[in-house]
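Open the structure in your viewer and keep the sequence panel beside it. The stops below say what to select next and what is there.

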Amino acid sequence: MGWNIPYGFNDSDLSISVRQLRMFVNEYEQVPYDAITYLTGECNYGGRVTDDRDRRCLMTILADFYNPGVVTEQKYKLSPSGNYYIPNKMDYADYLEFIKKLPAYQHPEVFGMHENVDISRELQETRGLFDSVLLTLGQAGSSKAGQSDSYLNEIATDILKKLPPNFDLEAAVRKFPVVYTESMNTVLTQEMERFNKLVGTVRSSLQSLEKAIKGLVVMNADLEALGGSLAVGKVPALWMRASYPSLKPLGSYINDLLERLKFLKKWYDEDKPAVFWISGFFFTQAFLTGVTQNYARKYTIPIDLLGFDFQVLAVDSMSTAPKDGAYVIGLYLDGARWDRDRNCLAEQLPKILYDHVPVIWLRPMKREEIDENSNRYTCPVYKTSERRGVLSTTGHSTNFVLPILLNCTEKPSHWVKRGCALLCQLDD
C-alpha cells in the first residue's frame, strides 16, 4: 500500500545501508545527514525505484529516521502514538526485552498511514482471491454449452441494445471546425473518434459472439475468451486493448462507457460545457493541452512556459465557464478527504475510503508565477486506483494524468506517507 509499483527490496539493501551508516558515524565528527540520506535513499534503495512519486515516498519515509532529532532527542518518536521510539543506550539483554514488548501486529501509523488502509489491504487481498477463483470457474464452465450459451446471448443482446450509434464525425467537424481560438473543438472530435473505435470493437465482437452461439461463424480463441469474461462479469481483454484504463467489473464498465458517450453527445448537442467531467475523457492529456493552448493563443505566451495553478471551489457545479482555464469535476481523493469548510486536505473519516472532490478550477499561468509554497501538497492524479501505468507512444503514462496542488495544514510529507492521490474513477 502507498507505492505505485511493488519493488523487490531485500536484505542486501539493508545490510549495505547499515554498513555505510556505521562508517559515516564512526569516521566523521559531525554526522553527514545529506550524504547518508543520498546513499541510502537514492542509491541503495532508490536504485530500484523507477517512479518519481515512489522516490518521493521513499525519501519522505527515510527523513523520519535520518535526522538530527534521532541523536539529540530522548526516546525519539517514530510514530504519533509513541509506541515506537528509539530507546536510550542499554545493555544487549535490555534491547531484546524492548523488542519483545513491541506490538506483534503493526498498526498502519508505523508506516505513516491512516487506519483505513487496513480495509483497503483486506479488500485488495479479497479481490485477488476472488479473481483467482473466477479464473478457474471461467475455464471449468466453458464446457457447459446449453445453459451457458443462452446466458451469454442474453448478456450480449442486453449490451448491444444499450450501445448508441457511432458519432457522426463529419457532422461534428462541420459543427466544431478547427479554429485558432478554440482548441476544444479539436479535442471533442478526437474524443469522438477514439470512442467510435472502442464502441465499434465492443459492438462487432458481441455481434460475432451471437453468430458463433447460433453456429453461423466459427468460435475462435478471441470469441471464446470474450464469452469466458462475460460469464464471470469481467471486461474482456479484447475490449481493453481498444479501451481507456479501467478496473471496473463488466456491469459498471458498461454504465461508465455509456455515461462518457452521453457526456460527449451533450457537448455536441448543447455546445461546450461550463464544467468538464475530466474523468469522462478517453485521452485526458489532450484536454489539458487544449486548455493550455487556448490560454497561450489568447495572450500570445509560448505554451512551454505555462503550467496550471489550481483552486478547489466549495461547490459541485457551475453554470458559467471561467474567463480563463476550465472548471473540472469527477475526481476522488484516496488517502484523505477534502474539508469544504477549511478548504484544505483533512484526515479520512473512519471506514470511508474515498471522498468526492468539488469543482476544481484549472488556471493556466506562467510556471514562474505559480505558488508552490510549503502549505500545498503536490497530489498526483491517476486514471485508476492501480496507479502504475506504462509509457504510451505519445510519451505519456497510460495512468498518470497530472499533479494538482492542494492546500493543506499539515506538512506535505504527512500526505506523501498517507499515499494521498486523486483518482478519476473508482473500481466499481
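The model you are looking at is predicted.

**Lys 75**

Most residues other than glycine have a negative phi. Is Lys 75 buried, exposed or partly exposed? Lys 75 counts as partly exposed, because its relative accessibility is 46% and that class lies between the 20% and 50% cut-offs.

**The whole protein**

Now zoom out and show everything. The protein has 14 helices and eleven strands. Along the principal axes, its C-alpha atoms fill a box of roughly 80 × 65 × 40 Å. Of its 428 residues, 42% count as buried. Among contacts with a separation of 6 or more, 69% are made by residues 24 or more positions apart.

Switch to a surface view. The accessible surface comes to about 23,700 Å², and carbon and sulfur atoms account for 54% of that. Next, colour by charge: there are 48 positive and 53 negative charges, and their mean positions are 3 Å apart.

**Helix α13**

Return to the cartoon and select residues 284-299, which form α13. This helix has 16 residues. From the first C-alpha to the last it reaches 23 Å, close to the 22 Å expected at 1.5 Å a residue.

Show the side chains of α13. Which of its residues are buried? They are Thr 284, Gln 285, Ala 286, Phe 287, Leu 288, Gly 290, Val 291, Thr 292, Asn 294, Tyr 295 and Ala 296.

Keep those residues selected and display what surrounds them. What do the buried residues of α13 pack against? Their partners are the helix α9 (184-214) and the strands β1 (275-277), β2, β3 (326-329), β8 (360-366) and β10 (400-407).

**Thr 300**

Step off the end of the helix. α13 is followed by Thr 300, which sits in the loop between α13 and β2 (306-312). Phi of Thr 300 is near 45°, again a positive value in a residue other than glycine. Is Thr 300 buried or exposed? Thr 300 is exposed, because its relative accessible area is 70% and the cut-off for exposed is over 50%.

Notes. Residues numbered from 1 in each chain as written. Heavy atoms only, no water. Buried < 20%, exposed > 50% of the residue type's maximum accessible area, 1.4 Å probe, protein only. Helix = DSSP H or I, 4+ residues; strand = E, 2+ residues; numbered from the N terminus. Expected span 1.5 Å × (residues − 1). Contact = heavy atoms within 4.5 Å. Areas by Shrake-Rupley, 256 points an atom, 1.4 Å probe, with all protein chains shown as cover. Lys, Arg positive; Asp, Glu negative; His and termini not counted. Charge placed at Lys NZ, Arg CZ, Asp CG, Glu CD.
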